[in-house]
Each structure stands twice: as C-alpha cells, then as structure tokens.
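Subject: Handing over the two-chain model

Hi there,

Here is the structure I promised to pass on to you. Please have a look at it first, and then read on for what turned up.

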Amino acid sequence: MLDRSNFADNLTDIAGARIELIERGSGRPLLLLHPAIGIKGSDPAIDRLARSFRVLAPSHPGFGRSELPRGMNTVDDLAYFYLDLMDALDLREVVLAGLSFGGWIAAEIAIKSTARVSHLVLADAVGIKLGDREHRDIADIFTTRQDEVDRLAYHDPKVGAVDHTTISDDDALIMFRNREATALFAWSPYMYDPKLAGRLHRIRVPTLLLWGASDRIVSPDYGRAYGARIPGAQFELIEAAGHYPHLERPDLFAQKIVDFVARAQKSGR
Amino acid sequence: MIALDDRREEGMQASTQGIEMKFYSFTEQSYPDAWFKDADSLRVSLPNRHCDPEVASRLYNRYLDEWMLADELGLNIIVNEHHATATCMSASVHLTLAILARQTRRARLLGLGTPIANRNDPLRVAEEMAIIDVISRGRLEMGFIKGVPYEIVPANARPVAVMDRFWEAHDLILKAMTTRDGPFSWEGEYFQYRSVNIWPRPYQQPHPPVWSTSSSPGSSRALGARGHVIATVMTGYRAKTVFDEYRKGWAAAPRPAPTPLDRFAYMGFVAVGNSEAEGLRRAELVKSYLETNTRVAEPYKHPPGFMAAADAAKLFQRVGWRGAAHMMATKDGKPLGSAAQGSVADTIAGGLMFAGTPDQVYDQIVDFYRATGGFGHFLMMTQAGPMEHADTVDSMTLFAREVMPRLEQFHAAAQLAA
C-alpha cells in the first residue's frame, strides 16, 4: 500500500482524510485540482489566481503530503471526497478548476453535482475515451522514458526536467508518492473512466476548456471533443504551453480563468 | 489465513522435508538468437518478428529434453516464467510443468514461480496446479512469486499494493486446495468468486509444498512466519541475511527452533567440466544470463508503486531512472562490481557461480554453504543463452554423477552434527 506519509505537519483533517491544503487569497472560492505531478505552494499560478479568488489547492489523498484513507482507490472516490470537502468547508459558488488528472476529477464531480459549483474549468484534462480500441488518446507516461514524457508534456521540456542529483529528499519522496497514487487511481483503464464521456451532458454550469497548444500528452483535438460533450462549453488554446499551462504560462492561464468567470457573470450565468 | 496455518504444517511433505539435500536443474528457456547487442531492451518491447517459430520449436524441445535428462540423472526440475522477452520463452510455469508432469518419472517439479499477483484468476492457478500435482503423482513444488518489476507492464497488473493482492491470491489458492466440503464463496478486496470447488483436488495432502522468493528482510520474515520454503536467487553471500531474517519470522510465529534447512533454497550458476578450462568455458556461456537479464528499457524498470515510495525516491536520488545494478561482494564483503559486468572469477568469488572441475565445484558449494549457514535446496542454472546442448548435457551429467552424491553426504553429515 501507499506508505502513510511521514509529513505530519500542516495537514488538515477534512472530510475523512488528513490532507495538505494550500489556501490563499479571498473572495469567491476557486478549488484548484492538481495534475498527477502534484502542486506546490510556489507554483506561480496560485498567486496569480489568488489576486482574484480565494484559492484552495489541496493535494489529493495519496498525493503530495496528503494521507490516503484506506479503501480510496478510484477517481470516483476522489470526486465524492471533494464533494464532501466542499460541504465541510461550506464552499458556495465555487470555481472548480482541474488540471490534467485533476480535470478528470473535476469532470467526475460536475456530473454528480454542481450544487456548490458555479463554473467549471478543465485544463488539458484527461478522463474520457474517444479513440477506437486500438488507439489510445493519452500518452502512456508509464511506458515512456522520462525525458520523452517531458518532451511530450512541455512546450519547453527544460521546465519539467528533474535533476536526480539535486532534488531534495522531500521533493523526491513526493514525486514517487505522486507516481504511486497516479497508478493507484489511473493504471487501467489508463487515465479514463469508460462511463464519463456519456455523462458529460449532465454538466450545466458554464464550462471553459483550456488547452496548451503544444500539449502532446493529450492533444487540443481531444480537448475540443471533450468540450463538445458539455453543453455550451468554450474552448481556448494557450500558446507556448504544453500539458501544464499553469506552469508554462501562469499569467495567461490565470487571466483566462478570471476573464471567463467575469464573462459568465456578465451574461448572467 | 490463520485457519490455514495448521493445515500448512501438515502440508510440508516428506518429499520437501527432511535431511536430504535436493538439486534442481534450471534454464530460462531463452531465445539467444535475439540477444542483440545493440537492442535497447530484450524485454517487453522487443518485437516478436525476431522470434522464428521454427527456432523456438527446436529450442523448446531441446530444453524439455534436458529436463528429461535431469530426471534420469536424479536431479529435480525448476521452471520459471517471464513475458514478452527473448531472455525467457516460458510464458507459463504451468504449461511447462504440465508437459514435464507426464514426461518425467522421479523429479520434483518446482515452479518458481507463478506470479500470482499478476494473474487475473488465482482460482485457475489452483486448478492447474492441482492437475499438475495429480498427473505427476504428487511431485509438484508450488512457487508463488511477486516477480520482477518489468513483468508489470506485460501483465498490465496494477503495480500498487502488489503484495496485498499477492497474499489474497495465496490465501485463496490454498483455501481452494484444502477445502474438501466446498463449494465456498470468496468476496475479497481483489478477487471475488461465487463458487470455488476445484476438481481435481491436489495429490499431495492437503496441498503441495509452497515456495516463494525473497531478497528483502520484510518479505523474508513474512515467509518465515508462514513456514514456506524461501528461495533467494543469485544474492551471493547476502543469502545469509535473507535466511537469518526468515529465521526471525519463523521464531516469531512461533515455530520450534532451529529452522530446518529444508526451508532454505539458493539459486546460483553451475558449470562443470572435465577440466578446469572446460568448466570455466561453460561458465562463460551460462554467465551470459547476467549480461542480458537486466537489458530492459528504462520505463519498465520503474512501475509506480511496485517499490515503497520512500525506497524508490532514495534509489532515484542515487542513480536516476537508470535503476540499480546487481552488485556483487566477496564472502568478506569486499565489493566486486556489478554482476552484469563481472568476470567468471568475480561471479565465483561473489557466490553466484560454481564452476570448474567436479572437485572445484564441490569445494565452492561447500564453502558457500558454510558461509551462508546452509540450505536444503540448491537451484542450479545449468543452461543459459548460447550454451549448446552438448555442453549442457555434459555439465549436468558431471554434476549429477560426481558432485551431487558428495554434497548429499556432506549435507546429511552437517545436519547430524548440528
């Protein structure tokens, strides 16, 4: 099993799990669900978003320093966990923003209930199966060399490169916890829920799909097709960014979310 | 699990138990024609266009012939499995054992082993094992293994919590083999069955002896607690630590001291010649296993969660994505470098290889046996890669006629003295 984390500090007991939760800014809550590579307080997109929102950026159970409650092993479990979290914190009118694997969780939340969600943002999200049985939509990070994964994931692969000789003990441990948790939730079917595509029509909140133009983990076309299944969803590309636009273009990434929420407000949604 | 312990005590067959030392002949049934020097990976991703079925057919039949010879020579047999690899064409322990169950007469038939956490259907494992045991009239030794990391991708098995799944499969298989008043139902965390009731039941009562492999302290103690036979593969003198950890688990169970030596197995290479030069030449051939064994592309070495995150992190900080080399050391702990690059002399000094004339091989094994505290089962890779049939047959024959009887006597005397 995933080892229970050694990081006892700064964990928050919430909705039945002890998790790491970054909270910054004020105003309308924005629940930021991180990709499989995790999230750090130093990720610049958090500060950019915190100028306009009360950003809540948890590490998913099993990821980062968050503990994994026994029996939690599907993305469905994570979706219910975040529904409980929004209840527990009494969050209302939430901007729910998910990145990659976090986008999958966000979509699974939104098909269940948007009672506490006012807007949905899916950035380079995975979670649905589009191609035929002999073609995968999502690059298999688990059978691809890491330097090649970086090349596929980033507009500028240097952004993502990890030097094993200089990485800190904590960062190395978190990196391998994140890998393990990703495999726990997304090993097979790889990075998708066969049921999800057929349920996206249930999403009735304003939805924005943001996609790195250089994303080769999961292509912009996949993003467009994802959006086409969600009533009224908008799709926008972010140039000079790959699978993680929040890392490669944090300003633009944050601005597009701010603009989207403002636009949707204005049009009365 | 607890209820099974009593039955397992009874399950230790006279055939596995006792003071007699047992020797097992092993080949990985490789396809050496595809051991390309420049291949990025000999495993998982090497396309099977490099496998000529004519050549494969000749090789399979030849390897089976060598095991039939082992049977005639009084050696026992060990079979393994890997998937999608030129290093081992045996994709199923059970298939090879099924053939040998019928074609051999005396040899114990050890499968080491079935990767039960990678199999979708442990009930099928129980059924097939029972059939092999019945056809062979109770000669099956049943090995269950976690397997190596690069088996995860071809099996598509989720690498997280592998050992949890392993132990559930293990418990289910043993319950299926020992239940006489079934059917029973099983609704576990990983496996669900509405009706378990295997036909036939195994020949050995209540079930064939159970083996597993280990090189880590934790899993060695877990095996000791259960009293299964523990095999350690080419660990050199570290085998002593593996066995000592097993003893701790055995004592804590608790089980009566001392731990019998028939709970311990070691696998090394054996190459015997009529002269030292001939033995060493054969050693060079069989050692080819070490050079090719770990030629596997990077991503397959690191299935996420296969190793505890803390251990994976430390390994990454040390060597990056390259993966750890299999390092050898002398009896006194002096480093000998990596097994993949070591010379025959290094592998002999490291306790991986036993090679030369019959006298030399005897002395090397006795020396290793003493240094590691002894073991009741000696598993011998007698063939690998480019080693041809004639060399293999001669080496096996020399071992069986000139080394084995003396080791049997030595082992019996060593135990009586203890």
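How are helix 4 of chain B and helix 6 of chain B oriented to each other: parallel or oblique? Please keep in mind throughout that this is a predicted model. The axes of helix 4 (residues 122–135) of chain B and helix 6 (residues 162–178) of chain B cross at roughly 45° and come within 9 Å. An angle under 35 degrees would count as roughly parallel, and these two helices are therefore oblique to each other. Their crossing is right-handed. From helix 4 of chain B, the contact takes in Pro122(B), Leu123(B), Val125(B), Ala126(B) and Ala130(B), which meet Ala169(B), Leu172(B), Ile173(B), Ala176(B) and Met177(B) of helix 6 of chain B. By class, that contact has ten nonpolar residues, with no polar and no charged ones.

The complex comes with an ipTM of 0.93 and a pTM of 0.94 from the predictor. Chain A has a mean pLDDT of 95, with 96% of its residues at 70 or more. Residues 1–8 of chain A have a pLDDT below 50, and this stretch has 16 contacts in the model beyond near neighbours in sequence. For chain B the mean pLDDT is 94, and 96% of its residues reach 70 or more. Here, pLDDT stays under 50 over residues 1–15 of chain B, where the model has 18 contacts beyond four places in sequence.

On to the chains themselves. Chain A contains eight helices and eight strands. Its radius of gyration is 17 Å, close to the 18 Å that the globule rule gives for 269 residues, so chain A is as compact as a globular protein of that length. Along the principal axes, the C-alpha atoms of chain A fill a box of roughly 50 × 40 × 35 Å. Chain B has 15 helices and 13 strands. With a radius of gyration of 20 Å, close to the 22 Å from the globule rule for 418 residues, chain B is likewise as compact as a globular protein of its length. The box for the C-alpha atoms of chain B, again along the principal axes, is roughly 60 × 50 × 45 Å.

Where the two chains meet, 22 residues of chain A and 21 residues of chain B take part. On the chain A side, the largest share is ten residues from helix 5 (residues 169–186) of chain A. That side of chain A has eleven nonpolar, six polar and five charged residues.

Back in chain B, helix 15 (residues 389–417) packs with helix 2 (residues 53–73) at an angle of about 15°, and their axes are 10 Å apart. That angle makes helix 2 of chain B roughly parallel to helix 15 of chain B. The crossing of this pair is right-handed.

Among the residues that make the contact are Tyr362(B) and Ile365(B) of helix 14 of chain B, and Phe399(B), Leu407(B) and Phe410(B) of helix 15 of chain B. Ten residues of the contact are nonpolar, none is polar and two are charged.

- Leu112(B) to Gly113(B) is a cis peptide bond, with omega near -10°; Gly113(B) is found in strand 3 (residues 109–114) of chain B.
- Ala253(B) to Pro254(B) is a cis peptide bond, with omega near -5°; Pro254(B) is in the loop between helix 8 (239–252) and strand 9 (264–272) of chain B.
- Gln29(B) has a positive phi of about 55° although it is not a glycine; Gln29(B) is in the loop between strand 1 (22–27) and helix 2 of chain B.

Best wishes

Technical notes: Residues are numbered from 1 along each chain as its sequence is written. Chains are lettered from A and ligands numbered from 1 in the order in which they are written. This is a predicted model: local features need pLDDT of at least 70, side-chain atom pairs count only at pLDDT 80 or more; totals for chains, interfaces and linings use all residues. Two residues are in contact if their C-beta atoms, placed from the backbone, lie within 7 Å. Helices (H or I, at least four residues) and strands (E, at least two) are DSSP runs, numbered from the N terminus. Ala, Val, Leu, Ile, Met, Phe, Trp, Tyr, Cys and Pro count as nonpolar, Asp, Glu, Lys and Arg as charged, and the others, Gly among them, as polar. Axes are lines fitted to C-alpha atoms, for helices over the stretch in contact, and angles run from 0 to 180 degrees between N-to-C directions. Angles under 35 degrees count as roughly parallel, over 145 as roughly antiparallel, 65 to 115 as roughly perpendicular and the rest as oblique. A crossing is left-handed if the near helix is turned anticlockwise from the far one by less than a right angle, and right-handed if clockwise. pLDDT is the predictor's confidence in each residue, from 0 to 100. The radius of gyration is taken over C-alpha atoms; the globule rule is 2.2 Å times the number of residues to the power 0.38.
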